[in-house]
Amino acid sequence: MELSIYKGPGFEVLLDVDGRSAQMMVRGPLSRLAEHIAEGFNAHAALEKVAAVRGGQVIISNFMPPAPSEPFNRLVKDQIKRLLLRKSMPESLMLLTTGRCQCKCKHCIVYGMKKEPRLSTKELYHVIDQGLELGAYHVSFEGGEPTLRDDIFDLIEHVDKSKASTHLITNGLRLTKEYVRRLKRAGLVYLHVSLDSPYPEEHDTFREVKGTFEKASVGVKYGVEEGLIGIVEYTATPYNSDFERLEDLYKHCSSLGVHEILIDEVVPGGRWEYREDNLLKKEDYERLAEFQNEANKRKGGPRVSSSYSYRDPEIMGCFAGRRWVWISPTGEVMPCLHIPLSFGNVRDISLERAWKNIRRYPLFKKKPETCAWRDLQYRENYFSDIRNAIEEGASPYRVEE
């Protein structure tokens, strides 16, 4: 079937959907305005297997709002502005709503981050409104553990659903059936649950909380049953990226009805000690890519995505300070969670001004040749200061204007 997902001045963007696969097309006298976008989607968005097709909408991946939808329209407009006007806006607003968490994960990236005084409900409302005004079509509630905030339903509900899709990333410990229903009623679209292993004991040991695997698994299943898009987040390390674990993860997620497995790479920061043997190697990336490609050829089961692959300089490049903006629990504005540098606090300056501070900074102004955390300028100039700030519980490190 052909599905119209965006209408612009003199052109129309469509998806030719066949089961779980799709192809993007552009028609109309001014189709050249969006041809580059369609070519990029077809080449790099792994449309051979979308996350879901339902209710007249295609959920390509958690990276994008459902299509067609008003937030998806904003996505297309943002890409056209980037191409034609060379304009950069924060497409994704990532809110670290709290530093509190029940777990003590070995790869915790917010470890050492200043946690108090955390932003109030009203302050977060204001940040959300500013992010949407700047062009964000993706609002993510993270932590720490965001479900430890009693106002999380209010925060999700506050997001203007005509502008952005909503995401919640959780360890799953509080996801009862009634809790998930409340998330759905608040307007949540994407429910992300973290798993670090397909094996209960290994996952629980890594998180240092017994029973986490079972609650996370049941929680994402509840989410799927309630109509949410269920995502399993899997941080790949040198110790969980073998074919056997990946296949067992896929089988487990398939049994839960998960729509997408999102694989990210472990990075040096937080609790994860920076040693070469602690980071993924070339053969690990090759194995993960082979697994992803093979899994997405299967008719059933979840889509498999890798967030780091989109950040390849030949595709979209590093998102830090170019497409992403992160807000710490205390309001510090960061280009990325993996780059804990603060360019101002939303209690003192507007989000727009902080974004301009980031965009003017040499590390983010230049065309990215690699992910920012690998950039030699970043590692030489900031890594020691960041490590000190983490050890003192004072991360992120403030960059002077």
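## Strands and a hairpin

Two strands pair if DSSP finds at least two bridges between them, and strands themselves are DSSP runs (E, at least two residues), just as helices are runs of H or I with at least four residues, all numbered from the N terminus. This is a predicted model, in which local features need pLDDT of at least 70 and side-chain atom pairs count only at pLDDT 80 or more, while totals for chains, interfaces and linings use all residues. Residues are numbered from 1 along each chain as its sequence is written, and side-chain values use heavy atoms, leaving out hydrogens and water.

Asp18 stands opposite Ser21 in β3. Together β2 and β3 make a hairpin with two residues between them, and Gly19 in the turn has a positive phi of about 65°.

In a regular strand the side chains alternate between the two faces of the sheet. Strand β3 (residues 21-27) has Ala22, Met24 and Val26 on its covered face, with Ser21, Gln23, Met25 and Arg27 on the uncovered one.

## Aromatic pairs

Next, look for the rings. Rings of Phe, Tyr and Trp (its six-membered ring) pair if their centres lie within 6.5 Å; planes under 30 degrees apart are stacked, over 60 edge-to-face, and the rest tilted. The structure holds 13 aromatic pairs. One of them joins Tyr285 and Tyr308, with ring centres 5.3 Å apart and planes at 75°, so this pair is edge-to-face. It links distant parts of the chain, with Tyr285 in helix α9 (residues 282-295) and Tyr308 in helix α10 (residues 307-310), 23 residues apart.

Tyr378 and Phe383 are also edge-to-face, because their ring centres are 6.3 Å apart and their planes lie at 85°. Both Tyr378 and Phe383 are buried, where buried means under 20% relative accessible area, exposed over 50% and partly exposed in between (1.4 Å probe, protein chains only).

## Charges over rings

A charge sits over a ring if NZ of Lys or CZ of Arg is within 6 Å of the ring centre and within 35 degrees of the ring normal. Arg182 lies over the face of Phe153, 3.9 Å from the ring centre. Arg271 lies over the face of Tyr111, at 5.8 Å from the ring centre.

## A glycine in a loop

Finally, visit Gly227, found in the loop between α7 (212-225) and β10 (229-236). With a relative accessible area of 21%, Gly227 is partly exposed.
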